[in-house]
Amino acid sequence: MPDLNLILLVLVGLPFAAGFLCLALPFKPVRVVLVFATCLALATASVLLIRQPFVDHPGDSLFGADLRTIIQVADFLLLGLILFYGLLRKSLLVLLTGLAQAGLLVYLEFFKLGHGHTHPAFAWNTISLIIVVIVCFVGSLICIYALPYMKEHSSHQKGLGQPRFFMVLILFLGAMNGLLLANDLLYFYFFFEATTLCSFLLIGHNNDEISRKNSTLALWMNSLGGLFLLGGITLLYEKTGVLDFQGLTSQGPLSGLPLLAVALFCLAGMVKAAQLPFQGWLLGAMVAPTPTSALLHSSTMVKAGVYLIFRLSPCFMTTLLGDTIAWAGALTFVLAGALAIGQSNGKKILAYSTVSNLGLIIACIGINTLSAQLAAGALIVFHAVSKGLLFLGVGAVEQNIHSRDVEDMRGLYGRMPFTALIMVLAAASMILPPFGMLLGKWTAMEAAVLNLPVAVMLALGSAITVFYWARWAGMLLSSETGAKPTREPQPLLMRSTLVMLVVAVLALAVATPILVRLFFNLPKFMTAISGPAVPPLGDFIFYALGGLVLLGLLLGLMALFGVRKKGLATLYYSGAQTTEPGEYMGPMNKPVKVLASNYYLEGLFGEKRLTLWANLAAICLLAFLVAGVFL
Amino acid sequence: MSLAKLLPFIALVAAPVAGGLIAGMDRKLTARLQSRQGPPLLQPFYDVLKLLAKQSRPSSVWLPVCSWLYFLAASCSVFLFFGGADLLLVFFVQAFGAFCLVAGAYSAPSPYSLVGAQRELLQILAYEPLIILTVIGLKLATGGFDTASALAHPAPIIMKLPLVFLALGYALTVKLRKSPFDISASHHAHQELVRGVYTEYAGPHLALAELAHWYETVLILGLVSLFWATAWWTILVIVLGSYLVEIFIDNMTARLSWQWMLGAAWGIGITLCTANMAWLVFK
């Protein structure tokens with residue numbers, strides 16, 4: 001059994017090393033080998049970590065050097081880089097947030113911090129392990145997908161070069177693992193800000209005007225999150241002398257200024273998770289190449305924000321802060337979903353959907369009963385896999401049809417059957433039983449009985465998500481070609497990663513009862529308040545329902561046997577069909593082409609119309625969140 | 001074997017029969033209200049049998065799958081409802097079927113079918129929150145999410161959840177495809193979209209969709225019946241009473257646009273539910 005040191009080194013340190021090597025040796029074969037080797041190592045290490053009996057590690061030395069000092073120095077280097085880019089992009093907001101952070105860090109490190117801390121620098125709980133596995137498996141698949149994707153991408157748009165792209169992409173995996181396993185708050189802060197920088201560098205990859213603008217937006221907003229985080233750390237250390245998660249969460253529900261520090265942490269988490277009103281940076285981040293969107297902005301980095309709030313849940317249990325966090329999450333769930341209805345840009349729909357689902361997860365964390373925590377954990381896993389699959393699918397589609405608008409994906413089944421079906425499956429997995437997302441929502445709704453505003457918002461939000469997913473899935477199938485469509489060509493690595501993620505979605509669906517039992521048996525450092533039990537979904541019913549779905553598919557396929565010989569019936573238009581597909585003989589015997597579009601309900605849910613009100617509502621709620629600490 | 005164990009199986013067979021009879025009575029009564037003779041009572045059964053006898057010539061490869069899945073989901077949800085399962089699970093299984101109906105309509109892109117599919121999605125958007133909130137209201141009133149708790153409740157639940165019952169009325173109107181909210185596929189033959197979401201469903205697949213609709217009717221009426229389930233005759237009173245009211249509303253109103261439907265369902269319906277549940281919580 002490899003020892004814990006080695007596992008941690010592989011999980012956190014190896015990606016950093018591999019990333020820098022990618023940059024230092026900018027050759028394609030080297031890159032491919034590095035990506036595969038790192039991904040394999042990460043996947044293995046994460047599985048080994050689960051089987052470890054220990055759940056903390058002193059983490060204060062790296063090959064003999066004092067790691068705490070290294071992190072201290074690295075913190076300042078990181079802030080220096082942020083300020084450098086702020087100057088480069090001439091962004092006042094980046095400079096202000098960066099300088100404020102630097103000021104706080106100087107104050108904390110040089111004037112306040114005592115020495116001889118005894119708490120372990122790395123310590124983790126169930127949720128950390130779950131997200132580490134997601135980062136190492138889903139993240140690896142996305143990195144592998146990125147190899148052929150970026151090859152095609154850079155033939156259209158050179159951007160800042162593939163070596164730099166892959167350096168940041170791989171390095172990011174290490175930063176995520178570090179963030180998840182950290183116990184010391186300053187270590188956490190370092191990895192948190194490292195992911196901010198990675199996000200900035202990746203969004204700006206294309207190096208055109210919109211990328212520069214949006215990456216700067218992401219940088220200052222996430223910097224603001226870092227400022228909240230550092231402010232919370234400073235306040236907490238001044239008032240209580242605590243500098244680690246374990247010390248913080250072992251005291252049970254807090255009050256007064258320490259709770260204010262926790263509120264600041266939660267705000268930082270909400271900025272990272274792009275909750276309302278901070279969603280602007282995630283929407284802007286959609287200009288980045290698809291692997292970035294899939295990895296950072298749906299599966300992993302935004303989960304870091306949610307993870308932070310989850311880790312702190314013992315601190316705000318049974319307080320008003322917990323309730324307010326639940327309301328804020330539920331509000332984002334509804335309003336971000338509503339904003340998704342009004343969108344026709346595919347990646348923006350996915351972005352709003354991500355924001356919305358993260359809000360749902362935060363709402364569950366705020367409710368804080370055992371079943372709500374289970375729902376949050378389940379949603380984190382299922383969302384990461386399904387959303388990653390959707391983004392990768394959209395990326396493949398975009399490279400084929402050169403458009404992101406879902407209206408251009410109408411009838412995609414006729415042109416790209418493989419990818420279209422994968423996306424229909426992924427969209428269905430977000431809203432239908434027996435897939436886990438729906439089971440998570442079900443558990444969340446039952447848990448929300450204790451918190452009426454959340455229950456109402458969950459009911460609304462659930463209907464809203466059905467609307468925009470069913471609309472998209474339906475459109476993909478809306479093909480006129482009667483003939484059996486031919487499978488589109490696709491690079492092998494892209495196809496295999498898509499297939500593996502589909503297998504993951506299906507395997508997770510089948511394994512749900514087992515996963516639920518596993519969740520309750522893993523070592524936990526999470527307490528929970530008592531509430532409604534987990535809804536009873538016996539194994540028998542679960543598999544019976546799955547069997548019915550398979551039966552329906554079988555019967556449907558059998559019904560098609562006669563169709564092969566006779567052909568499909570023609571569609572019903574307003575007149576006789578001409579020989580052209582989608583055309584009929586209209587008035588004056590002139591052929592009329594059938595045009596169809598979709599409801600986007602811009603009058604009600606359009607981005608321009610709704611964003612202002614949504615942000616105002618969210619700002620009021622967050623102000624109450626902070627003020628309510630003292631109530 | 002006790003009745004409770006056999007009930008879901010009995011319901012599985014009896015529900016389409018009941019649904020068909022309800023549909024027949026509906027057509028007869030509506031016709032009489034409109035000074036017409038109306039079709040025979042068993043006409044819906046004749047229609048379904050006729051459709052089943054037809055050849056399967058779908059206009060899209062997805063229609064057979066979608067119609068089967070819709071049928072299986074609807075029948076399964078009725079089975080689970082009478083089997084005493086969690087009401088939210090029952091609803092989500094039914095929602096699976098509703099999604100398949102829409103997906104099938106989308107897959108055959110005739111303009112009537114496409115618009116009908118989208119209007120069906122808008123209908124789902126309107127009634128889903130109301131039904132979920134009804135179930136949550138039932139939990140607050142009776143302490144459980146399943147039918148057993150509702151049936152075990154000593155007093156009529158409508159006394160505790162009057163406003164929720166009114167909001168459920170909106171969902172009932174939409175689900176039964178009655179005016180003023182029958183925008184996607186009206187229950188009757190007056191329709192500006194040929195047959196809306198069902199346009200491209202034909203032959204045996206339309207028969208499956210019709211049977212699924214009967215199952216769904218039984219399900220939603222079952223949910224209504226929980227509001228006064230103290231004796232067998234009270235169930236009949238509330239179910240037949242609600243259905244009669246729906247028929248009257250259907251004949252009195254014209255079809256309204258989706259904005260009206262969403263406004264009524266969300267604006268009025270959700271407000272009613274929230275007010276009722278808040279009263280229950282703070283009482």
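Student: How many salt bridges are counted between chain A and chain B?

Tutor: This is a predicted model, in which local features need pLDDT of at least 70, side-chain atom pairs count only at pLDDT 80 or more, and totals for chains, interfaces and linings use all residues. Side-chain values use heavy atoms, without hydrogens and water. A salt bridge is a side-chain nitrogen of Lys or Arg within 4 Å of a carboxyl oxygen of Asp or Glu. Over all chains the search finds nine salt bridges, but between chain A and chain B the count is zero.

Student: What area is buried between chain A and chain B?

Tutor: Contact (heavy atoms within 4.5 Å) takes 64 residues from chain A and 57 residues from chain B. Buried area is the accessible area (1.4 Å probe) that two parts lose on being put together, summed over both. Carbon and sulfur atoms give 79% of this area, and the total is about 5400 Å².

Student: Which residue forms a salt bridge with Lys348(A)?

Tutor: Lys348(A) lies in helix 16 of chain A, and its partner, 259 residues apart, is in helix 27 (residues 607-627) of chain A. The closest N and O atoms are 3.7 Å apart, and the partner is Glu607(A).

Student: Is helix 15 of chain A roughly parallel or roughly antiparallel to helix 16 of chain A?

Tutor: Helix 15 (residues 320-341) of chain A packs against helix 16 (residues 346-367) of chain A at about 160°, with axes 7 Å apart. Angles under 35 degrees count as roughly parallel and those over 145 as roughly antiparallel. Therefore helix 15 of chain A and helix 16 of chain A are roughly antiparallel.

Terms used
Residues are numbered from 1 along each chain as its sequence is written. Chains are lettered from A and ligands numbered from 1 in the order in which they are written. Axes are lines fitted to C-alpha atoms, for helices over the stretch in contact, and angles run from 0 to 180 degrees between N-to-C directions. Helices (H or I, at least four residues) and strands (E, at least two) are DSSP runs, numbered from the N terminus. Angles under 35 degrees count as roughly parallel, over 145 as roughly antiparallel, 65 to 115 as roughly perpendicular and the rest as oblique.
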